[in-house]
Amino acid sequence: MGSSIGANIRRYREARGWSQARLAREVCRAAQVTGEPVGRQEISRWETGKRTPREWLPYLAAALGVSVDVLREPQKPAEPPLPTLADFLPEEDPLSPLEGRTGRRVGMGTVDDLQQRVHGLRLADDVLAGGDLIRPALRDLRRAVKLYRENTYTSEVGRQLLRQIGELAQIAGWIASDAGQHEEAESIYRLGISAARQAEDHTLAGNLAGSLAYQMSNTGREAEGLTLAQAAFRDSEAEAPPKARALYLDRVAWAHTKAGGTENGQLAMRALGEAGQALSEDSEGTESPAYLYWVDAGELRVMESRVFTELHRPLRAVPLLREVLSEYDATHTREMALYLSWLAVALVDANEPEEAAAVAERVISLGSDTPSERVAERVRVILGRLQEYADVPEVAAVLAEHQAA
């Protein structure tokens with residue numbers, strides 16, 4: 001019976017579009033109790049069947065607008081539910097405030113300071129690589145979590161702190177991934193998803209989940225990456241502005257591409273088309289989160305060209321990449337190296353080994369001053385592909401000089 005009650009609680013909560021934290025607050029309100037004797041963790045335990053609500057069941061029913069009998073009703077056999085972002089949360093809540101907090105009272109000024117730090121770190125990531133930023137990024141994230149757990153604040157300030165922790169986790173996770181610390185990045189992304197959902201910011205949760213899905217797709221976990229990218233889109237699209245929907249679909253397209261196969265290739269192209277349509281709905285009057293400043297038509301062209309490269313369609317990939325690179329800011333060294341790496345691979349597919357070798361030299365030169373594991377991995381990929389033309393003098397020279405490294 002406990003499992004049926006848990007499944008029903010989750011079903012009716014999600015039908016209302018509530019987070020577990022929101023339901024916890026509504027239960028306390030229905031019970032007319034002060035403080036928070038029921039929190040997100042307790043809701044999670046009820047939903048997973050680890051505990052039974054017992055005396056809280058009437059208040060759960062009242063909060064959800066159903067009868068107690070409805071919550072007790074056994075579940076009918078059904079198709080396995082599609083994964084949701086809740087399935088990717090940490091088992092224990094690392095954001096749970098400490099009992100008997102003795103810290104200072106913080107207000108919106110603290111939130112504003114944290115927001116400025118997050119924005120500065122994101123701008124730094126545009127021009128610096130993960131190896132340069134990993135230490136300050138992790139330090140800032142730990143400080144923000146400590147601030148949230150140890151101090152006191154109003155519920156609105158708490159919600160805004162969680163949102164900033166989520167944004168900080170997104171950029172810190174991205175930096176950790178770029179530095180090659182994939183396990184650390186995954187832990188950070190999951191922390192961020194938890195923070196965003198508790199803050200009831202579904203757009204931010206989708207962005208974090210999409211970033212984690214992207215990492216999974218690129219590190220040998222293609223099936224997981226596709227599942228998570230699709231869950232991020234499904235869970236967040238209803239409230240997401242056009243730029244966010246375009247980004248989610250971009251991630252879905254890449255996940256399909258990395259999953260491989262003809263059908264996934266077709267689904268990737270469909271997702272790219274839908275991403276372009278979503279972005280076309282953006283306008284000056286449409287509000288988007290500040291962290292989506294980089295999502296534009298150029299970024300969609302980059303993803304489209306990468307998909308074409310991965311699908312071995314160089315006649316489509318090469319012109320797109322050349323167009324993008326001709327417009328790109330050369331001060332963004334890491335991105336320039338990454339985009340050139342896709343061009344080098346596409347040129348190999350196009351049977352243009354001499355030009356591929358020349359582009360490979362540029363990638364290697366840029367990468368030598370960029371402590372980015374992403375760039376290092378792309379160099380390894382290029383050198384592996386150039387082996388097909390090892391007898392071409394220009395290629396042989398590149399391989400002889402750099403393959404040992």
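## Basis and confidence

This is a predicted model, in which local features need pLDDT of at least 70 and side-chain atom pairs count only at pLDDT 80 or more, while totals for chains, interfaces and linings use all residues. Residues are numbered from 1 along each chain as its sequence is written, and side-chain values use heavy atoms, with hydrogens and water left out.

The predictor's confidence in each residue is given as pLDDT, from 0 to 100. The chain has a mean pLDDT of 88, and 92% of its residues reach 70 or more. Helices are DSSP runs (H or I, at least four residues) numbered from the N terminus. Confidence is lowest in helix α1 (residues 2-15), with a mean of 82, and highest in α12, at 96.

## Nonpolar cores

A residue is buried when its relative accessible area is under 20%, exposed when it is over 50%, and partly exposed in between (1.4 Å probe, protein chains only). A nonpolar core is a set of buried Ala, Val, Leu, Ile, Met, Phe, Trp, Tyr and Cys residues joined through side-chain atoms within 4.5 Å. The largest such core has 106 residues, and those with the most contacts inside it include L95, L161, L343 and L386. Helix α16 (residues 333-349) gives the most to this core, with 12 residues. Apart from it lies another core, of 18 residues, among them L23, V38, W56 and A61.

Contact means heavy atoms within 4.5 Å. Residues up to four places away in sequence aside, L161 touches V106, V111, L114, L147, Y148 and Y153.

## Helix α14

Helix α14 (residues 297-310) has 14 residues and reaches 20 Å from its first C-alpha to its last. This is close to the 20 Å expected at 1.5 Å a residue, where the expected span is 1.5 Å times one less than the number of residues. Its buried residues are E299, L300, V302, M303, S305, R306, V307, F308 and T309. The cover over these buried residues includes α10 (202-218), α12 (242-259), α13 (262-280), α15 (314-327) and α16.

At the N-terminal end, D296 caps α14, with a side-chain oxygen 3.1 Å from the backbone nitrogen of G298. The helix is followed by H312, whose phi is positive, near 60°.

## Aromatic pairs

The structure holds five aromatic pairs. Rings of Phe, Tyr and Trp (its six-membered ring) pair if their centres lie within 6.5 Å; planes under 30 degrees apart count as stacked, over 60 as edge-to-face and the rest as tilted. W56 and Y59 form an edge-to-face pair, 6.0 Å centre to centre with 65° between the planes. W56 counts as buried at 17% relative accessibility, whereas Y59, at 33%, is partly exposed.

The pair of Y148 and Y153 is stacked, because the ring centres are 5.4 Å apart and the planes lie at 20°. Y148 is buried at 8% relative accessibility, and Y153 is buried at 14%.

Q170 lies in helix α8 (residues 155-178) and counts as buried at 10% relative accessibility. Beyond residues up to four places away in sequence, Q170 touches R122, Y189, N207, L208 and S211.

R374 is found in helix α18 (residues 373-386) and is buried, with a relative accessible area of 16%. Leaving aside neighbours within four places in sequence, R374 is in contact with W174, S177, D178 and L338. The side chains of R374 and S177 make a polar contact (3.5 Å). A polar contact is a pair of N or O atoms within 3.5 Å; within protein, one must be able to donate a hydrogen and the other to accept it, and residues adjacent in sequence count only if both atoms are side-chain atoms.

Conventions:
Helix = DSSP H or I, 4+ residues; strand = E, 2+ residues; numbered from the N terminus.
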